[in-house]
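Here are some notes to read with the model open beside you. Please take the points in order, and look up each residue as it comes.

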Amino acid sequence: MNSPGKRDATAARFQGFARALHAQTADAIALGAHDANYAVLLYRSLTNNTVLERHNAQPNSIADDFGRFGLDIWAEVDRERSGNDERRKKLWALIAWRNAIAHDDIDAKLERRALEPSTISLATCRGWRSALNILATSLDKVAADRCRALGLPRPW
Amino acid sequence: MAHNRASHADSLKVGDHVTSRLPAFNWKGVIVEDLGPLGIDGSEIFVVRVGDEDDGQRFNARAEHLERIAA
């Protein structure tokens, strides 16, 4: 079995990525404003009390924050690449395991069948990491496409 | 939009009390996180908290839009 720390680190790195992508997308959209005051106002509104700052990067947290850009992020991510719906399930699984480790209630959650898979191995962790890498690529593209759809230059 | 990020970003850090450089905004807050050079043009981005730790607002701001003030 891989170390708990590695699972936590994978989840933390993905959360860092999601927050950074959200911040950059908000910045790109705000820079499209017609003056500095409006840009600051827009940037503040787009980043005010984000869910990703307070919670893990679970799919609904990502959907809430990227929804501020008028984006149904998971619908777009699923359209962007085949298999992303399954990769999103792996993200849920990783977050569930991460929370079970952090809250020290693995046994209770296993009894409730709240952890899937019920056992994890190095291969499981590598599979999660691979899935998150692909999801990150899709999220990155969808966010950039959203900026273009809003009439802005492609930001990256 | 003009950017002179180096002169401001280098001097700001977590814990600094800040306000907006833009006269249209009137708030005082505290830098609670340095997100790094995440701006599209490499500008330093900070998370600022305005108000109480629990109930306050937290939002991102570019370094060049922030000015340090006395605590």
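Where in chain B is B:Asp16 found?

1. B:Asp16 is found in the loop that lies between α1 (5–9) and β1 (17–20) of chain B. Helices (H or I, at least four residues) and strands (E, at least two) are DSSP runs, numbered from the N terminus.

2. Before going further, please keep in mind that this is a predicted model, in which local features need pLDDT of at least 70 and side-chain atom pairs count only at pLDDT 80 or more, while totals for chains, interfaces and linings use all residues. Residues are numbered from 1 along each chain as its sequence is written, and chains are lettered from A and ligands numbered from 1 in the order in which they are written.

3. Once its neighbours within four places in sequence are left aside, B:Asp16 is in contact with B:Ile31 and B:Arg68, where contact means that the C-beta atoms of two residues, placed from the backbone, lie within 7 Å. B:Asp16 and B:Ala70 are 54 residues apart in sequence, and their C-alpha atoms are 8.4 Å apart in space.

4. The strand β1(B) is joined by three bridges to β2 (residues 28–36) of chain B, and the two run antiparallel; here B:Thr19 has B:Lys28 as its bridge partner in β2(B). Four bridges join β1(B) to β5 (residues 66–69) of chain B, again in an antiparallel arrangement, and B:His17 has B:Ile69 as its bridge partner in β5(B). Two strands pair if DSSP finds at least two bridges between them.

5. Chain A has eight helices and zero strands, and of its 156 residues, 35% count as buried. The C-alpha trace of chain A spans about 55 × 30 × 25 Å along its principal axes. Among contacts in chain A between residues at least 6 apart in sequence, 64% join residues at least 24 apart.

6. Where the chains meet, 18 residues of chain A are in contact with 14 residues of chain B. On the side of chain A that touches chain B, the elements giving two or more residues are α1 (4–31) and α2 (36–47) of chain A.

Note on methods
Buried ≥ 20, exposed ≤ 12 C-beta atoms within 10 Å, placed from the backbone.
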